[in-house]
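Please read this briefing with the sequence and the structure side by side.

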Amino acid sequence: MKFASALFCLTIIASSTAFVPSTATAARKSVQLWASSSDKNDESWQYHVSKILATGFMTASLWAAPAMLQNGPMIEHGPQFFPAAVANAKQMASASGSRVNKDPESLLRYGLPIQSKEVRIERVESAFKCFMRHFFPFTPFLVVTETHLFLFNIPIAGKKTAKGN
Amino acid sequence: MQARKLQKEIEDIEQNVSVKRKSAALDHVKNAKRMLGDSNLIKPCRDAKVCAAAVADIQSEIEPISAAIKDSMDAFNGSDQERAAIDKAYASQKKMAKALTVLEEQMIPANYEVKVPDEYSDLPQLKKRATVEMVFKKPNDEPFDINGRNYKEAKMTMIIDGYTGKLSQARSLFLC
């Protein structure tokens with residue numbers, strides 16, 4: 001099992017590098033960029049590492065998609081395309097189909113903002129603060145704000161524009 | 001989030017009882033019972049006491065609903081005994097769902113507010129939920145005939161949700 005998971009991780013990394021320029025090229029490129037302009041310093045190894053991680057994640061999510069859990073070639077199965085992995089989703093109450101959720105109280109419960117984006121951000125912030133307080137008690141000024149969380153996913157080059165500077 | 005998972009289990013009990021998938025309904029009862037024992041369930045609550053009471057209310061219905069579902073399994077299909085057992089299960093499930101509503105309402109952060117852009121700040125805003133009860137009467141006190149039974153008046157209760165439509169729901173309230 002451990003061997004299988006290790007093999008899986010290796011395959012993901014290997015396949016993700018197929019979408020990303022090789023490290024040698026990246027290094028050369030970054031050197032050239034540093035030589036040409038000091039503003040491009042941001043696009044160094046962090047940028048390439050984040051790119052590799054992003055492609056690795058994309059590959060993993062594609063491989064873990066329900067359609068990929070199929071045994072054997074998909075075309076031969078014809079209409080029985082989706083396996084039992086998505087049967088659960090089919091049986092759940094949804095906005096369409098025969099199992100529409102018509103219970104008004106249930107809908108009102110789902111409408112309560114206990115899982116909204118604002119609440120989630122608040123939770124992530126408080127969890128991070130708790131973590132920092134626990135492990136780094138002498139750095140009381142490090143605080144992650146909502147803005148930091150949003151800017152986290154934006155490429156370094158576009159961060160200035162996103163901040164509105 | 002634990003509360004949402006618990007909600008799914010509790011709502012699926014009713015769904016499965018209604019289509020007479022009784023074993024599946026019992027499984028959902030077991031899952032709900034297991035989730036109620038999780039200490040993380042009431043962590044996001046504003047008032048732990050209210051949440052603990054709501055959880056206790058749900059827990060108190062676990063045994064009655066299990067017994068009712070088992071009774072309905074023992075009775076013949078379509079018999080009066082099965083009908084009575086299913087009705088008991090429905091009643092228990094309703095109590096559980098009501099307590100669950102109380103529990104989830106306690107999980108809304110105390111300072112939760114949807115921000116409104118400045119250009120709309122002069123408009124009326126509904127910050128939480130409002131309940132409007134309407135009573136309909138026919139002219140000359142004529143009754144409402146529903147399935148052969150006469151009713152003097154008809155009541156309609158609306159819950160207007162300010163969490164999802166702060167401005168538009170406030171406007172609709174102004175029309176009432």
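**Where the chains meet**

In this predicted model, the contact between the chains draws 19 residues from chain B and twelve residues from chain A. On the side of chain B that touches chain A, α1 (2–18), α5 and β4 (153–161) of chain B each contribute at least two residues.

- Among the contributors to this side of chain B, α5(B) has the largest share, with five residues.
- When the residues of the side of chain B that touches chain A are sorted by class, eleven are nonpolar, three are polar and five are charged.
- For the complex, the predictor reports an ipTM of 0.85 and a pTM of 0.57.

**Chain A**

- Chain A contains nine helices and zero strands, and its elements, read from the N terminus on, follow the order α-α-α-α-α-α-α-α-α.
- Chain A has 165 residues, of which 2% are buried.
- If one takes the contacts in chain A with a separation of 6 or more, 42% of them are between residues 24 or more positions apart.

**Chain B**

- Chain B has 176 residues, of which 25% count as buried.
- If one takes the contacts in chain B between residues at least 6 apart in sequence, 64% of them join residues at least 24 apart.
- The average pLDDT of chain B is 92, and 99% of its residues score at least 70.

**Two packed helices in chain B**

- Two packed helices are described by the angle between their axes and by the distance between those axes.
- In chain B, the axes of helix α3 (residues 48–60) and helix α5 (residues 80–105) come within 8 Å and cross at roughly 165°.
- Because angles over 145 degrees count as roughly antiparallel, this crossing angle makes α3(B) roughly antiparallel to α5(B).
- The crossing in which α3(B) passes α5(B) is left-handed.
- From α3(B), the contact is made by Val50(B), Cys51(B), Ala54(B), Val55(B), Asp57(B) and Ile58(B), while α5(B) brings Lys95(B), Met96(B), Ala99(B), Leu100(B), Val102(B) and Leu103(B) to it.
- Sorted by class, the contact of α3(B) with α5(B) consists of ten nonpolar residues and two charged residues, with no polar residues.

Notes: Residues are numbered from 1 along each chain as its sequence is written. Chains are lettered from A and ligands numbered from 1 in the order in which they are written. This is a predicted model: local features need pLDDT of at least 70, side-chain atom pairs count only at pLDDT 80 or more; totals for chains, interfaces and linings use all residues. Helices (H or I, at least four residues) and strands (E, at least two) are DSSP runs, numbered from the N terminus. A residue is buried if 20 or more other C-beta atoms lie within 10 Å of its own, exposed if 12 or fewer, and partly exposed in between; C-beta atoms are placed from the backbone. Two residues are in contact if their C-beta atoms, placed from the backbone, lie within 7 Å. Axes are lines fitted to C-alpha atoms, for helices over the stretch in contact, and angles run from 0 to 180 degrees between N-to-C directions. Angles under 35 degrees count as roughly parallel, over 145 as roughly antiparallel, 65 to 115 as roughly perpendicular and the rest as oblique. A crossing is left-handed if the near helix is turned anticlockwise from the far one by less than a right angle, and right-handed if clockwise. Ala, Val, Leu, Ile, Met, Phe, Trp, Tyr, Cys and Pro count as nonpolar, Asp, Glu, Lys and Arg as charged, and the others, Gly among them, as polar. pLDDT is the predictor's confidence in each residue, from 0 to 100.
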